[in-house]
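Me: I am new to this structure and would like to go through part of it. Could you take me through it step by step?

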Amino acid sequence: LEAYFLASPSSLEPMTTASDRAVVQRAVAIAGKLQNPDFAEPVAKALEHRDPGTRRLAVSALSSIGTPAALKLAARAVEDEDPEVRMTAFDAFTQRPFRGVARTLSTYLTTRDLEALDLSERRALFAAFAASNGPAGVPTLETVLLARGGLARRPSAQTRACAALALGMIDSPAARFALDAATKEKDALVRSAAGAALKKEGVAS
């Protein structure tokens with residue numbers, strides 16, 4: 001099948017829209033392995049599949065293809081109804097930062113009720129936000145970390161700790177300044193997270 005798809009990329013789409021889940025998953029997995037940019041659009045069709053596991057595979061395959069067009073398609077999964085699919089997308093954009101998803105993540109972070117999300121999803125979201133936004137994301141993360149308002153709901157200590165760890169991924173004076181300020185906060189969890197983040201070397205710039 002690999003040679004067949006490479007010779008005729010258009011033949012992939014009928015398989016990624018098939019009624020048989022196993023057929024769809026096999027086609028998506030092959031596309032992710034081959035990483036042909038021409039496969040991005042057909043793979044994106046699987047983001048509409050009823051099975052969350054199949055949608056997760058599609059996100060991973062698009063991330064493996066890795067072109068701006070493929071990553072833009074993968075960004076659709078940020079709004080998926082299934083938290084596992086969303087987390088797969090967040091993890092993908094943490095590992096492969098993409099400026100094209102920065103605004104989407106910013107909107108998601110500032111307009112959603114973050115406290116309604118599982119802690120693991122919150123961590124993944126903040127990490128993806130930091131990786132994709134870099135220093136431009138510091139003001140938003142600082143707002144969450146120091147609980148300055150402007151969000152859908154006042155952040156909990158756990159959410160503020162997620163913001164601290166995300167700031168630790170960003171190599172900028174503004175990020176370090178915000179983290180330093182948080183080490184003086186009353187909440188022990190926030191102080192601890194800020195201190196741990198200050199010890200990390202920023203990777204997003």
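Reply: Helices are DSSP runs of H or I with at least four residues, numbered from the N terminus. The expected span of a helix is 1.5 Å times one less than its number of residues. This is a predicted model, in which local features need pLDDT of at least 70, side-chain atom pairs count only at pLDDT 80 or more, and totals for chains, interfaces and linings use all residues. Residues are numbered from 1 along each chain as its sequence is written, and side-chain values use heavy atoms, with hydrogens and water left out.

Me: What span should the 15 residues of α9 have?

Reply: Helix α9 (residues 119-133) should span 21 Å at 1.5 Å a residue, and its end C-alpha atoms are 21 Å apart, which agrees.

Me: How many residues of α9 are buried?

Reply: Twelve of the 15 are buried, meaning under 20% relative accessible area with a 1.4 Å probe, protein chains only. Among them are L125, F126 and F129.

Me: And what covers them?

Reply: The cover includes α7 (83-95), α8 (102-111), α10 (138-145) and α11 (157-167).

Me: Turning to α9 and α11, at what angle do the axes cross?

Reply: The axes, which are lines fitted to C-alpha atoms over the stretch in contact, cross at roughly 30 degrees and come within 9 Å. The two helices are therefore roughly parallel, a term for angles under 35 degrees, taken from 0 to 180 degrees between N-to-C directions.

Me: Which residues make the contact?

Reply: With contact meaning heavy atoms within 4.5 Å, the residues include R122, F126 and A130 of α9 and T159, C162 and A166 of α11.

How values were computed. Buried < 20%, exposed > 50% of the residue type's maximum accessible area, 1.4 Å probe, protein only. Parallel < 35°, antiparallel > 145°, perpendicular 65-115°, else oblique.
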